Amino acid sequence: MNRHSTKQVLLSVVALIVGISAAHSGELGRCAPLDFASNGEFRNVTESGDVRIGPGDKVVLINKRKPEATRVVFDRATRAYSSVVIVKDCSGTARDSVVTISGEIDAGEISIDGNWGSIGFRRVGSRWMIQ
């Protein structure tokens, strides 16, 4: 997938998240409601604690019931993992409750420290590369 295609995938995901948000406007201030069911495309993380990226993850929505700093850990990538994983601050609280991403990523550690921010990662060999 070239750089242009990657941007198209990310824009499609953002458009889908915006669509979810508009469909559930009763919960203002979140890109998805707390009861949004995780599925094959999205994992809606609402409970406290660290988050480990798993083989089925494609888009991980950090949507905590109670805002807290969150660590997202990427383990060693294998073919079982999606080729692209996006981590998004879905509660809009990352400015005050930073989402720190670490593990087997090319930057060693990176943070989402702006509300509604997101970062995409591509699986390259056994590591994850920031997009």
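Asp35 counts as exposed because its relative accessibility is 63%, where exposed means over 50% relative accessible area, buried under 20%, and partly exposed in between, computed with a 1.4 Å probe on protein chains only. The structure is a predicted model in which local features need pLDDT of at least 70 and side-chain atom pairs count only at pLDDT 80 or more, while totals for chains, interfaces and linings use all residues. Residues are numbered from 1 along each chain as its sequence is written, and side-chain values use heavy atoms, with hydrogens and water left out.

Asp35 belongs to the loop between helix 1 (3-23) and strand 1. Helices (H or I, at least four residues) and strands (E, at least two) are DSSP runs, numbered from the N terminus. Between Asp35 and Thr46 there are eleven residues of separation in sequence and 8.6 Å in space, C-alpha to C-alpha. Thr46 is in the loop between strand 1 and strand 2 (51-53). Thr46 counts as buried because its relative accessibility is 11%. Its side chain makes a polar contact with the side chain of Glu47 at 3.4 Å; such a contact is a pair of N or O atoms within 3.5 Å, and within protein one must be able to donate a hydrogen and the other to accept it, residues adjacent in sequence counting only if both atoms are side-chain atoms. When neighbours within four places in sequence are left aside, Thr46 is in contact (heavy atoms within 4.5 Å) with Leu34, Asn63, Lys64 and Arg65.

The protein chain as a whole has one helix and nine strands, in the order α-β-β-β-β-β-β-β-β-β along the sequence. Of its 131 residues, 42% are buried. Among contacts between residues at least 6 apart in sequence, 50% join residues at least 24 apart.

Two sets of strand pairings can now be followed; strands pair if DSSP finds at least two bridges between them. Strand 1 (residues 42-45) runs parallel to strand 3 and is joined to it by four bridges, with Arg43 opposite Val60. Strand 3 also pairs in the parallel sense with strand 5 (residues 84-89), over four bridges, and here Leu61 stands opposite Lys88. In a regular strand the side chains alternate between the two faces of the sheet. In strand 3 (residues 59-62), Val59 and Leu61 point one way and Val60 and Ile62 the other, and all are buried.

Four of its five residues are buried, so strand 4 is largely enclosed by the rest of the structure. Three bridges link it to strand 2 in a parallel arrangement, and Val51 stands opposite Val72. Strand 4 is likewise parallel to strand 6 (residues 99-103), with five bridges between them and Val73 opposite Ser102.

Rolling a probe the size of a water molecule over the atoms shows where empty space is left. On a 1 Å grid over the protein atoms alone, a cavity is a set of points where a 1.4 Å probe fits but cannot get out, and lining residues have an atom within 4 Å of a point. There is one cavity of 30 Å³ or more. The largest cavity has a volume of about 50 Å³, and its lining includes Ile62, Thr70, Asp89 and Val99. The lining residues divide into four nonpolar, four polar and three charged.

Methods: On a 1 Å grid over the protein atoms alone, a cavity is a set of points where a 1.4 Å probe fits but cannot get out, and a pocket is an open set with protein on both sides within 12 Å along at least five of seven lines; lining residues have an atom within 4 Å of a point. Grid points are joined across faces, edges and corners, and a volume is the space filled by probe spheres set on the points. Ala, Val, Leu, Ile, Met, Phe, Trp, Tyr, Cys and Pro count as nonpolar, Asp, Glu, Lys and Arg as charged, and the others, Gly among them, as polar.
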